[in-house]
Amino acid sequence: MAAIKLFVFAQSLLWSLASADASNLNPNGEGCVDPSGYLQCYENNVNTLATCMTDAKNDCDVDVYSTCVLACGNAQLAANIGCWLTSCWNEVYSCAYQETALQYLNGADRTQGSQIPYYPAPDNAPGGCGYIWGNFTETYALNAPCEDYALDGSVSETASCQCCWDSSFLSEFIEWCPNNDLSVVDIDLMVETFQIGYNESASDECSILSDASQCVTSFTLDTGASTWYNPGQLPSGFPGTAPLSDTTDAGSITSAPDPYTFSIFPSYITVITPAPYNEKNVEATNSGTTIGTATGESTSSSTSSPSKGAARNLVSPVSADFAVWGLAVYTLVCALFGAALII
């Protein structure tokens, strides 16, 4: 009986996780050129997920069942991006779309650098989410400037370099997003980790910050902030709780890209035909937005890479070595083995 209960729990956990990180971050289709088409697309994806999960239950053998379930969830995450590209392409630089791209990267366990159209948003993008995406997700996640020192066994230099590196981007966040909720890129988890790591270290790994110019001269690391903050001694209240918001200074996208083929893991391939620009729809759901004349960039066929990045845990909480997905699969396996032993 215990094994049966454990199996039911594990199965329900897997089912819930398949859509846990696929929520619609623009639930009213706000600002979209085709809000009704956008919402219908998300609804269709939910229904497709349900069908896929049922098929997995009926058709997948026990030893591959968890893989089938994960594939269903990954397919939904990929299809959700398609909804944006088709019906809400004018909002692809918004916080909501950028977070949708992160949902896919996290849930499908893809590395930063996987080719997702319009992600990350470039600096000063029309209707963009500001600093956070272009600077952090690419610059920090895809670089390891202190790796050479670590490989050489230079403990002191490695520690000083890492402190400069961590301080360089955290200081920018503190100055430019001091009150915002930055959990979408795991800044809250990083802050907790840094406070423990740096404060409990036997030596002052950040003594270099007493003369932060050494970060530039010794490691060629600089910051756009006016102050270098110690990663282990950050201002109280950082990060904050205010939601991220889009900027309107650069106007918004009003020119639809030409149709193109979009392909991404896992085997999601579709022809994206962007809905025509509809100013009434945009203004009706997004009052107050400045309409400019920025041109959207057409993105050709895109294929994500299955390789893992060195910073996967920093930007992808769901892809941690033993995260929630891992717990669900592990619980399911334990239940199956337990049931086999009882039989």
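Me: Where is the place of Pro120?

Reply: Pro120 sits in the loop between α4 (95-107) and α5 (131-139). Helices here are DSSP runs of H or I with at least four residues, strands are E runs of at least two, and both are numbered from the N terminus. The peptide bond leading from Tyr119 into Pro120 is cis, with omega near -10 degrees.

Me: Before we go on, how should I read the model itself?

Reply: Treat it as a predicted model, where local features need pLDDT of at least 70, side-chain atom pairs count only at pLDDT 80 or more, and totals for chains, interfaces and linings use all residues. Residues are numbered from 1 along each chain as its sequence is written, and side-chain values use heavy atoms, leaving out hydrogens and water.

Me: Which peptide bond is cis, with omega near -5 degrees?

Reply: That is the bond from Phe238 to Pro239. Pro239 belongs to the loop between α9 (213-219) and β1 (253-255).

Me: How does the length of α4 compare with what is expected?

Reply: The expected span of a helix is 1.5 Å times one less than its number of residues. From first C-alpha to last, α4 reaches 18 Å, close to the 18 Å expected.

Me: What happens just after α4?

Reply: Asp109 takes a positive phi of about 55 degrees there, although Asp109 is a residue other than glycine. Asp109 lies in the loop between α4 and α5, and its relative accessibility of 23% makes it partly exposed.

Me: How do I read strand pairing, and which strands pair in the antiparallel sense?

Reply: Two strands pair if DSSP finds at least two bridges between them. Here β2 (residues 260-264) and β3 (residues 268-272) pair in the antiparallel sense over five bridges. Take Tyr260 as an example: its bridge partner in β3 is Ile272. In a regular strand the side chains alternate between the two faces of the sheet.

Me: How many residues lie between β2 and β3 in the hairpin?

Reply: There are three. Ser267 is in that turn, with a positive phi of about 60 degrees, although Ser267 is not a glycine. With a relative accessible area of 73%, Ser267 is exposed.

Me: How do I read a nonpolar core?

Reply: In soluble globular proteins, nonpolar side chains tend to be buried together. A nonpolar core is a set of buried Ala, Val, Leu, Ile, Met, Phe, Trp, Tyr and Cys residues joined through side-chain atoms within 4.5 Å. The largest one has 67 residues, and those with the most contacts inside it are Leu85, Tyr104, Ile116, Ile187 and Phe238. Elements giving two or more residues to this core include α4, α7 (155-176), β2 and β3. The most comes from α7, with eight residues. Another core lies apart, with seven residues, including Leu49 and Val69.

Me: What about the protein chain as a whole?

Reply: It has twelve helices and four strands, and 46% of its 343 residues count as buried. Taking a contact as heavy atoms within 4.5 Å, 76% of contacts between residues at least 6 apart in sequence join residues at least 24 apart.

Terms used:
Buried < 20%, exposed > 50% of the residue type's maximum accessible area, 1.4 Å probe, protein only.
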